Amino acid sequence: MELECFRMQDPAPEIVPGRPDRAWMDSFQSRFPYRCLPLTMANTTGWEILCPVDFMAEWNGGPRNEDLKLTPLDPTDSLGHFVQSHFTHGILTMHTGYLFRTPPGWAVWCSGAPNHVKDGVQALEGLIETDWLPFPFTMNWIMTRPGRVYFNKGEPFCFINLVEHQKMDTVQPVLKYLDADPELLKQYQVWTEKRTEFNAKLEERDPETMKQAWQRFYFKGEIPVEDADAPAEHMVRRRLKSAIEAPRPINRKR
């Protein structure tokens with residue numbers, strides 16, 4: 001399966017596999033947010049499109065295009081077609097530089113990088129039917145209040161993921177009571193007991209529990225019941241492929 005990334009400009013912004021690190025996660029003692037596997041997996045499940053320049057966006061709170069000013073931080077840089085005030089009301093429109101094509105039934109989910117927090121501005125997400133679309137889409141951010149925000153060169157301004165979106169309409173949510181699945185109920189009860197016991201020992205500052213620091217059932221893909229089979233497909237690290245260069249077509253004169 002290929003995600004075709006057709007350059008609409010040269011050079012186009014760099015595309016890289018999602019990176020796990022976040023500055024706010026690094027700031028915690030022992031970097032303990034990285035123990036949360038759902039966070040780190042979300043950070044790396046998709047591809048980042050990187051900002052090619054450093055720039056500042058300043059919004060005065062007004063509804064007009066000119067109420068949002070965009071300025072490169074290096075006077076020798078040009079924002080050009082990359083970022084514009086197009087939709088008014090403090091919305092930044094950023095061009096990915098690519099036209100994406102996906103296999104039939106697959107779409108691109110476009111968002112900000114997961115758990116990448118920016119004060120004063122919010123990424124607007126979109127689902128694009130890239131299995132037929134013959135033109136590119138834009139990435140948009142909305143200012144949440146008047147003021148200034150900064151985008152740095154190399155920072156992800158767009159995050160793309162793939163979803164087999166046509167199958168979503170076939171999914172039927174079903175509300176059930178937990179005792180409808182006795183085995184699942186048993187596993188949940190055992191987990192609850194072990195979790196309660198572990199937290200109590202943490203509060204008591206039990207040396208062995210303090211050394212362990214946190215339970216690893218989810219991280220290790222373990223079910224806390226004897227003789228329960230752990231899921232063979234459990235993943236703790238994403239290994240997405242980097243973009244590669246396709247051969248350029250040879251122009252032949254007719």
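Student: What makes the lining of the largest pocket divide into nonpolar, polar and charged residues as it does?

Tutor: The lining holds 15 nonpolar, five polar and nine charged residues. Ala, Val, Leu, Ile, Met, Phe, Trp, Tyr, Cys and Pro count as nonpolar; Asp, Glu, Lys and Arg as charged; the others, Gly among them, as polar. This is a predicted model, where local features need pLDDT of at least 70, side-chain atom pairs count only at pLDDT 80 or more, and totals for chains, interfaces and linings use all residues. Residues are numbered from 1 along each chain as its sequence is written, and side-chain values use heavy atoms, with hydrogens and water left out.

Student: What makes a space a pocket and not a cavity?

Tutor: On a 1 Å grid over the protein atoms alone, a cavity is a set of points where a 1.4 Å probe fits but cannot get out. A pocket is an open set with protein on both sides within 12 Å along at least five of seven lines. Lining residues have an atom within 4 Å of a point.

Student: How much space lies in the largest pocket, and which residues lie nearest its centre?

Tutor: About 1,200 Å³. The lining counts 29 residues, with Leu3, Glu4, Cys5, Ala243 and Ile244 nearest the centre. Strand 1 and strand 14 (156-163) are the elements that give two or more residues. Strand 1 gives the most, four. Strands are DSSP runs (E, at least two residues), helices likewise (H or I, at least four), numbered from the N terminus.

Student: What lines the second largest pocket?

Tutor: This pocket has a volume of about 340 Å³. It is lined by 16 residues, and Arg35, Cys36, Trp214, Gln215 and Tyr218 are the closest to its centre. Helix 2, helix 3 (182-203) and helix 5 (217-220) each give two or more. The lining has 12 nonpolar, one polar and three charged residues.

Student: Why is Ser30 called exposed?

Tutor: Exposed means over 50% relative accessible area, buried under 20%, partly exposed in between (1.4 Å probe, protein chains only). Ser30 has 57%, so Ser30 counts as exposed. Its place is the loop between helix 1 (23-26) and helix 2 (37-44).

Student: Why is Asn115 called partly exposed?

Tutor: Its relative accessible area is 27%, so Asn115 is partly exposed. Asn115 sits in the loop between strand 9 (107-111) and strand 10 (121-124). Its phi is also positive, about 60 degrees, although Asn115 is not a glycine.

Student: How do you know that the peptide bond from Asp10 to Pro11 is cis?

Tutor: Its omega is near 5 degrees. Pro11 is in the loop between strand 1 (4-7) and strand 2 (15-17). Most peptide bonds are trans.

Technical notes:
Grid points are joined across faces, edges and corners, and a volume is the space filled by probe spheres set on the points.
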